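Me: Hey, can you walk me through this protein? I'd like to start with its pockets.

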Amino acid sequence: MEPIAVQIQRKGLAFDQTQIGKLRAEFSDAHWVRLSQLLEPSILDSLQVRLDNSQWQTKIHGEIGEEYVTSDLLANSLLHFAMNRPKFLAVVEEITGCKSLQWFRGRVYRVIAGAGHHDNWHDDVNHSNQVGMRLNLSRDLFRGGLFMLRERDSRQVLANVANTGAGDALIFRITSDLQHRISDLEGADPKTAFAGWFRSDRPECFRDSSIPIPADSHAIR
């Protein structure tokens, strides 16, 4: 089991500065790292119970992919609140070297083999996305659904990772030189994750989940 470098807990944020330094070096070289057990097990358990009983609807991302997303406002709100804690944003900045992270915007999605769900190579580059994240919320051990990262021009694959650990997250660099995707799922068990982007813009609220954030989140660190 990989050591826990940072963990979002009910009582606050816990992190190991030695492990943070190691992750910073790894991210610089590989453009991605795993944050093992990012979510405290009790938080993960609560979210999984809600998601077991939530409603799912099809979401099509243009030519990029198709998946289910949940409209469970509480689950989305709790996850956005956790990821947008100023101390956690500061830790992600330290690991990635991105010094302008203002907030995280994401969605809870589920993919099922044989349901037409897919994810094509893309880069998520726009004016504000800086770092991507995939947080595993799956209750069961799924097969397939690998996170893949490659160089755009050479198409050399830099990562081919099964992120199946309970509450584990992958964070990865977003740049026009890199592309990523999730491979097709296999077997009967679904994959459920919270995915999105650490961004550098400063919106007044989350457009999807209507959660207000401070005008200057860094000012309250």
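Predicted model: local features only at pLDDT ≥ 70, side-chain atom pairs only at ≥ 80, totals over all residues.

Me: How much space lies in the largest pocket?

Reply: About 790 Å³.

Me: And which elements give two or more residues to its lining?

Reply: Those are β4 (56-61), β5 (65-70), α3 (73-83), β6 (103-111), β7 (118-119), β8 and β15.

Me: How does the lining of the largest pocket divide by class?

Reply: It has 16 polar residues, along with 11 nonpolar and 11 charged ones.

Me: OK, next one. What volume does the second largest pocket have?

Reply: The second largest pocket comes to about 220 Å³.

Me: Which residues line the second largest pocket?

Reply: The lining is made of Ile8, Gln9, Arg10, Leu39, Ile43, Ser46, Leu47, Leu78, Leu79, Phe81, Ala82 and Arg85. By class, that lining has eight nonpolar, two polar and two charged residues.

Me: Which element supplies the largest share of that lining?

Reply: That's α3, with four residues. At least two residues each come from β1 (6-9), α2 (41-52) and α3.

Me: Switching topic: how many cavities of 30 Å³ or more does a search of the whole structure find?

Reply: Two. The second largest cavity holds about 30 Å³ of space.

Me: What lines the second largest cavity?

Reply: Its lining consists of Arg134, Leu135, Asn136, Phe147, Asn163, Leu170, Ile182, Lys191 and Ala193. Five of these residues are nonpolar, two are polar and two are charged.

Me: Which element gives the most to that lining?

Reply: β8 does, with three residues. Both β8 (129-136) and β15 (191-199) supply at least two residues there.

Me: Now the strands. In what order do β11, β10 and β13 form their open sheet?

Reply: The order is β11-β10-β13, with antiparallel pairing. β11 (157-161) and β13 (178-182) each have a single partner strand, so they stand at the edges and one side of each is left without a neighbour in the sheet. On average, neighbouring strands of this sheet are turned by 10 degrees against each other, ignoring direction.

Me: How many bridges are there between β10 and β13?

Reply: Five, and β10 covers residues 147-151. If you want a spot to look at, Leu149 stands opposite His180 in β13.

Me: Last topic, helices! At what angle do α1 and α4 pack?

Reply: About 50 degrees, with the axes of α1 (residues 17-30) and α4 (residues 86-96) lying 7 Å apart. That angle makes α1 oblique to α4.

Me: Which residues meet there?

Reply: On the α1 side you have Gln17, Ile20, Leu23, Arg24 and Phe27, and they meet Val91, Glu94, Ile95 and Thr96 in α4. Sorted by class, this contact has five nonpolar, two polar and two charged residues.

Note on methods:
Residues numbered from 1 in each chain as written. Heavy atoms only, no water. Axes fitted to C-alpha atoms, helices over the stretch in contact; angles between N-to-C directions. Parallel < 35°, antiparallel > 145°, perpendicular 65-115°, else oblique. Contact = heavy atoms within 4.5 Å. Nonpolar A, V, L, I, M, F, W, Y, C, P; charged D, E, K, R; others polar. 1 Å grid on protein atoms, 1.4 Å probe; cavity = no way out; pocket = protein on both sides within 12 Å on 5 of 7 lines; lining within 4 Å. Points joined across faces, edges and corners; volume = space filled by probe spheres on them. Pairing = 2+ DSSP bridges.
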